[in-house]
Amino acid sequence: MVETAIKIDNVSFKYRNADSFALKRVTFDVIEGEFVLLAGFSGSGKSTLLKCLNGLIPHFHAGRFGGSIEIFGKSTLESETPFLAKQVGFVFQNPENQISNLTVEREIAFPLENFGVPRNEMKSRVDELITLLNLEEIRYKSPYSISGGEQQLTAIASALALNPPILVLDEITAHLSPVGAVRILNLLNELNTEHKKTIIIAEHRLDRCLNFVNKLAFLEKGQLKIFGDIQTVFQNKEFPESMLPKIPSLFLKLDEKIGLSKDKTNTIPLTVEEFVATLK
Ligand SMILES: Nc1ncnc2c1ncn2[C@@H]1O[C@H](COP(=O)(O)OP(=O)(O)O)[C@@H](O)[C@H]1O
Ligand SMILES: [Mg+2]
């Protein structure tokens, strides 16, 4: 039976010093195994909503919280932080904020140490994650000396250390090169499809992950404007034109579907409706 992994019910939040609510009555569910993309312009409340999912809000941010969030049926308000840490792995936009250890290996082991996992078990889990994320070459390096993409991979490995069923990631490709971003997004796809992780990601470059995501939630000024599968969201007139994927990726998608040559696709205009049709 498929369970509801995250139940967001009528959630509002106002930071203590803010004039207005950062989230206003947001309601939607994430089903176990889904890959959900959270979209919205800067300041629309994406990070605030994600912080609600692992209890950072309201446990560590002062403010007014209304509504409820349940993770596998358990309210974040009534959950202790260790329970939430085991359910929800979190990766922030800026990996340097998450780094605190001397080597990549220690960084990945950190949550396990916090939970008092026995040494031999810790070692095998770290080995497993290093192999899964292909981090052998940087294993003994300082997390401060590696590239931004490698730092994000390290942060993802650390977020996976306790093997949480849910992974939450906040604009993690923002500072990465296109190649670095694609590597990370492909990894997330693998974690979703092969390792059955439920994933919710805020990402403003939609075109980079459209091939993977099941659902899209569009936030505007703290309100959930549209929620549904990609076709539904793109066809909704309230979805901003400027946020639709850029033309090259539309071409790419069509190219994949009907096997046009690159040169030819570049000369064929594709409307949103046509693009949506290629997804079906
Ligand atoms: N720590 C904070 N204190 C007060 N206001 C905040 C804080 N963090 C974010 N906000 C405000 O909450 C709103 C939503 O911000 P945020 O969740 O960061 O949006 P996004 O991630 O979509 O850019 C914005 O108006 C922002 O200024
Ligand atoms: Mg943000």
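## Around the ligand

Tutor: By class, the shell around ligand 1 has three nonpolar, eight polar and one charged residues. Ala, Val, Leu, Ile, Met, Phe, Trp, Tyr, Cys and Pro count as nonpolar, Asp, Glu, Lys and Arg as charged, and the others, Gly among them, as polar.

Student: Which residues surround ligand 1?
Tutor: Tyr-15, Asn-17, Ala-18, Ala-22, Gly-40, Ser-42, Gly-43, Ser-44, Gly-45, Lys-46, Ser-47 and Thr-48. To be near the ligand, a residue's C-beta atom, placed from the backbone, must lie within 6 Å of it.

Student: Which helix gives the most to that shell?
Tutor: Helix H1, residues 46-53, with three residues. Helices (H or I, at least four residues) and strands (E, at least two) are DSSP runs, numbered from the N terminus.

Student: How does the numbering work, and what kind of model is this?
Tutor: Residues are numbered from 1 along each chain as its sequence is written, while chains are lettered from A and ligands numbered from 1 in the order in which they are written. This is a predicted model: local features need pLDDT of at least 70, side-chain atom pairs count only at pLDDT 80 or more, and totals for chains, interfaces and linings use all residues.

Student: What pLDDT does the chain average?
Tutor: The average is 87, and 88% of the residues score at least 70. pLDDT is the predictor's confidence in each residue, from 0 to 100.

Student: Where is the pLDDT below 50?
Tutor: Over residues 249-255, a stretch that has 16 contacts in the model beyond near neighbours in sequence. A contact means that two C-beta atoms, placed from the backbone, lie within 7 Å. Residues 257-269 also stay under 50, with nine contacts beyond four places in sequence. Where pLDDT is low, the predicted coordinates should not be read in detail.

Student: New topic: helix packing. At what angle do H4 and H6 pack?
Tutor: About 30°, with their axes 7 Å apart. H4 covers residues 104-114 and H6 covers residues 148-160. Axes are lines fitted to C-alpha atoms, for helices over the stretch in contact, and angles run from 0 to 180 degrees between N-to-C directions.

Student: Parallel or antiparallel, roughly?
Tutor: H4 is roughly parallel to H6. Angles under 35 degrees count as roughly parallel, over 145 as roughly antiparallel, 65 to 115 as roughly perpendicular and the rest as oblique.

Student: Which residues meet there?
Tutor: Val-104, Glu-107, Ile-108, Phe-110 and Pro-111 in H4 meet Thr-154, Ala-157 and Ser-158 in H6. Five residues of this contact are nonpolar, two polar and one charged.

Student: And what about H4 with H5?
Tutor: H5 spans residues 119-132, and H4 packs with H5 at about 130°, axes 10 Å apart. The pair is therefore oblique. On the H4 side are Glu-105, Ile-108, Ala-109 and Leu-112; on the H5 side are Met-122, Arg-125, Val-126 and Leu-129.

Student: How do H6 and H7 cross?
Tutor: At roughly 15°, with axes that come within 9 Å; H7 is residues 178-193. H6 and H7 are therefore roughly parallel.

Student: Last topic: the backbone. Which residues does a cis peptide bond join?
Tutor: Ile-57 and Pro-58, with omega about 5°. Pro-58 lies in helix H2, residues 56-59.

Student: What is the phi of Asn-10?
Tutor: Positive, about 60°, although Asn-10 is not a glycine. Asn-10 lies in strand E1, residues 4-15. Most residues other than glycine have a negative phi, and most peptide bonds are trans.
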